[in-house]
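Take a look at the chain below.

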Amino acid sequence: MLQGKAFLITGAGGALSRALIPAFHQAGARLFLSDPRLERMAERAQAVGAKTFVADLTRLEEALALARFVEEEAPLYGVVHTVGGFAAGRFLDADPGLYDWMLDLNLRTTFNLLKAVLPYMAERKEGFFAAFAAGPAWTGVGPGRALYTVAKTALASLLRSLQGEVEGVRFLVVYPMGTLDTEANRKAMPEADFSRWIAPELVAEMVVEAAGAKGGRLLELPIYPPL
């Protein structure tokens with residue numbers, strides 16, 4: 001489906017990437033992985049023969065260097081951007097630093113990466129860029145997690161706007177509409193009903209399908225938990 005096409009997966013040491021990396025590898029993509037720490041992604045990269053680049057995407061210069069690194073190896077066709085962060089709590093109790101943290105991890109990293117990779121894709125009039133919003137961003141309302149909702153809603157709005165601006169590039173906003181079944185979430189919520197959580201493998205499968213879609217596009221993809 002994606003045979004030989006160069007794809008970059010960011011946040012390659014994270015929970016979602018654990019499912020995304022093998023899914024894109026099985027679809028035939030040529031993979032490049034990025035994470036702020038090499039040790040988080042080294043084993044995954046070795047398993048699929050991917051090249052790695054250590055980058056803090058809150059810094060524009062590092063995002064630009066990452067894009068150049070991939071382009072020196074192969075024309076970058078697609079990006080799956082998983083970097084982000086979550087925080088909950090009452091707005092009135094939030095430390096002012098939480099605003100910077102939420103916006104930096106969820107929105108600034110997306111902005112920097114888009115600024116880095118879109119010039120290459122726009123010049124070729126071909127490409128795919130996927131990023132992850134969240135259930136509250138589907139409606140724009142998230143009581144008890146207002147700053148997180150603001151950041152993810154802004155991310156979604158940015159990609160939706162670019163779809164009408166950058167010719168030839170397809171954008172995808174993925175909305176997990178529930179809790180992802182990850183090791184970290186199981187440890188944090190050991191009493192929860194894991195059968196009601198979303199499997200990361202399903203998310204990965206759907207993103208691969210969207211990346212290889214022909215004759216149309218999936219701009220927004222909400223993924224709901226099991227009934």
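Which residue in β4 is the bridge partner of Ala6? It is Leu76. This is a predicted model: local features need pLDDT of at least 70, side-chain atom pairs count only at pLDDT 80 or more, and totals for chains, interfaces and linings use all residues. Residues are numbered from 1 along each chain as its sequence is written, and side-chain values use heavy atoms, without hydrogens and water.

Ala6 sits in strand β1, residues 6-10. Strands here are DSSP runs of E, at least two residues, and helices are runs of H or I, at least four, numbered from the N terminus. β1 runs parallel to β4 (residues 76-81), joined by 4 bridges. It also pairs in the parallel sense with β2 (residues 30-35), over 5 bridges. Pairing requires at least two DSSP bridges between the strands. In β2, Leu31 is the bridge partner of Phe7.

β1 is mostly covered, with 5 of its 5 residues buried. Buried means under 20% relative accessible area, with a 1.4 Å probe and protein chains only. Ala6, Leu8 and Thr10 point one way, Phe7 and Ile9 the other.

Now the whole chain. It has 8 helices and 7 strands. Its radius of gyration is 17 Å, close to the 17 Å from the globule rule for 227 residues, so the chain is as compact as a globular protein of that length. The radius is taken over C-alpha atoms, and the rule is 2.2 Å times the number of residues to the power 0.38. Buried residues make up 47% of the 227.

Methods. Buried < 20%, exposed > 50% of the residue type's maximum accessible area, 1.4 Å probe, protein only.
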